[in-house]
Amino acid sequence: MMLAVAVPSSAGPPVGGGIVDHVGRIADTAAGRAECGPGSSPETGLQGDIPAADRDSRRSTLGYNCNLTKVGGYSGRGGGITSAGFDHCVYVGSLFPGNIAGPAQGVQVLDVTDPANPILSETLTEPAMLAGTWETLKVNNPRKLLVGAGVPLLTGAGLLSVYDLSDCAHPRLLNPGPGTDPLQLLPITAHEGGFSPDGFTYWTSGVAPGLVNAVDLTDPSHPRVVWQGMPGLAMHGMGISDDGNRVYLSDNMGGLVVLDSSAVQRRDPNPQVPVLARMTWNDGWATQHSIPITYDGHHYLFTVDEAGSGGVKLIDVEDDTRPRIVNTVKLEINLPENQDSAIASSMGGGVFGYDAHYCSTDRPHNPTALACGWVTSGIRVFDIRDPFDVREIAYYNPPAQTGRNLELWNSPHAWASIAGIPLLAGPAVITALTEGKFDPAQALSARTGMVVGGDLSGDWCFSGPLWRGNQLWTSCADNAFLALDLDPAVYTPPADQRSTQGS
């Protein structure tokens, strides 16, 4: 469902082109493997892979874990695409139209006071929540706000609801008028969304077209659009600097656009948002989001590619007019020489293969660990104290829900399983072929003919895990909410731990 919306007078063509840099190099090394301690049930093949034999024998329905164990969970009818959390509560994203089939319509509110026994405390059923929240469901901690926009399919328009989280288990709607009332639509498009750190601006972006919107939440009961523009044809997620003066916007074609958002942050009349820099790359595409962080005061991004085995890039933005890729975090299954094995095992699992999606660090300054939803590879945790020498310390790939397609109405994996081919791996396969690293014979398996009718033989973990001491709270498409315990032998929470996702 697409809605026609008016465009504010401040909208216009992209302002300023910025410096353009293209990076052709393909990262060809993987993070060091985790050393699994007692109680682990390790992967049986390449790092991050679910081998075809494990899928076909249903070994994958047992899951895999290394130094990361399940404490509790709430499966419902699936976990949408991304979820959010505040205090002792989690908000499970909704997927249209499946969530409307119930039994819990809209966004599911979980009380996780006891992580071993999460309780459904409420459902949010405003139009934006019923229309599907995609990757817009975000929390701002300082202002205790939850925001979600309505995204029925890839891009939505007009619907955005704002909630007060003072009682996190029972969010209170703040804007019954603009954004919530179907007769008072906001002039926005949305696929992604994210807060400025101070919580006074909520940014949305639509993938097609790449319209970006800045929504003023100074008065959350009356959200209003203060800037709108098109920095590119297909924009995705974002990361926003601590001061709100920079938006690091993801380019769906594979890349990064740096926006000077200081005029929006100051609330200048008719603000201009110049493009300071553009970076594109061949190593991955559908760039998802960025996490602005610092090491010893030096500014970097962890930037995630959703497709094409691009992994997670470390980008130096100390001079944000000239961003530079200085490291890349990948799993073995993402390497060019293993693309043939990836095709052999992921066939029949749906359009996604083995790619990162949303990540979070355990604090914004001198972070010590990075946790990622790595789609079919599950939840992956890395030691990043030295960002130039990253190693994996733990993972949890949840039990595959093979054969439950018709039960998981709120799972994008179940809905997308009509397709069996991992289409989003295409560019990585082409690169491997070009470099002579793809063996067609190695790409064949007993699953090769499964071009339609995916079997859910591995889950899709899209959501960025939330750091809660030695626990990670997250959700995956088929298993929904998961509370996971990280072995103290491999991770000690810093005293100033603060889960940081970038927006």
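Two strands count as paired if DSSP finds at least two bridges between them. Helices (H or I, at least four residues) and strands (E, at least two) are DSSP runs, numbered from the N terminus. The structure shown above is a predicted model, in which local features need pLDDT of at least 70 and side-chain atom pairs count only at pLDDT 80 or more, while totals for chains, interfaces and linings use all residues. Residues are numbered from 1 along each chain as its sequence is written, and side-chain values use heavy atoms, with hydrogens and water left out.

Strand S18 (residues 235–240) pairs with S19 in the antiparallel sense, over four bridges. Within this pairing, Ile 240 stands opposite Val 247 of S19. The hairpin of S18 and S19 has five residues between the strands, and Gly 244 there takes a positive phi near 75 degrees. On to the next partner: S19 and strand S20 (residues 255–260) are joined by six bridges, again in the antiparallel sense. Here Leu 249 has Val 257 in S20 as its bridge partner. Three residues lie between the strands in the hairpin of S19 and S20, where Gly 254 has a positive phi near 105 degrees. As for surroundings, a residue is called buried under 20% relative accessible area, exposed over 50%, and partly exposed in between (1.4 Å probe, protein chains only). Five of the six residues of strand S19 (residues 246–251) are buried, so this strand is largely enclosed by the rest of the structure.

Elsewhere, four strands make up an open sheet with antiparallel pairing, in the order S4-S5-S6-S7. The edges are taken by strand S4 (84–86) and strand S7 (119–124); each has a single partner strand, so one side of each is left without a neighbour in the sheet. From one strand to the next, the twist averages 25 degrees; the axes behind this angle are lines fitted to C-alpha atoms, for helices over the stretch in contact, and angles run from 0 to 180 degrees between N-to-C directions. Strand S6 (residues 107–111) is joined to S7 by five bridges, and the two run antiparallel. Val 107 is found opposite Leu 124 in S7.

Two bridges connect strand S11 (residues 160–164) with S12 in an antiparallel arrangement, and Tyr 163 has Leu 173 in S12 as its bridge partner.

Helix H6 (residues 426–434) shows two contrasting sides. Ala 428, Val 429 and Ala 432 are buried. Viewed down the axis of H6, the buried residues fall within an arc of 100 degrees, so they line one face of the helix; the arc is that of the directions from the helix axis to the C-beta atoms. These buried residues pack against helix H4 (339–346), where contact means heavy atoms within 4.5 Å. Ile 430 and Thr 434, on the other side of H6, are exposed. After H6 comes Gly 436, with a positive phi near 70 degrees.

Turning to aromatic rings, those of Phe, Tyr and Trp (its six-membered ring) pair if their centres lie within 6.5 Å; planes under 30 degrees apart count as stacked, over 60 as edge-to-face and the rest as tilted. The structure holds ten aromatic pairs. In one of them, the rings of Trp 374 and Phe 382 have centres 5.7 Å apart and planes at 50 degrees, so the pair is tilted. Trp 374 is buried, at 0% relative accessibility, and Phe 382 is buried with a relative accessible area of 0%. Trp 473 and Phe 481 form an edge-to-face pair, at 6.3 Å centre to centre and with 85 degrees between the planes. Both Trp 473 and Phe 481 are buried. Tyr 295, Tyr 300 and Phe 388 come together in one aromatic cluster.

Rings also meet charges. A charge sits over a ring if NZ of Lys or CZ of Arg is within 6 Å of the ring centre and within 35 degrees of the ring normal. The charged end of Arg 77 sits over the ring of Trp 409, 4.7 Å from its centre. Likewise, Arg 143 lies over the face of Phe 200, at 4.1 Å from the ring centre.
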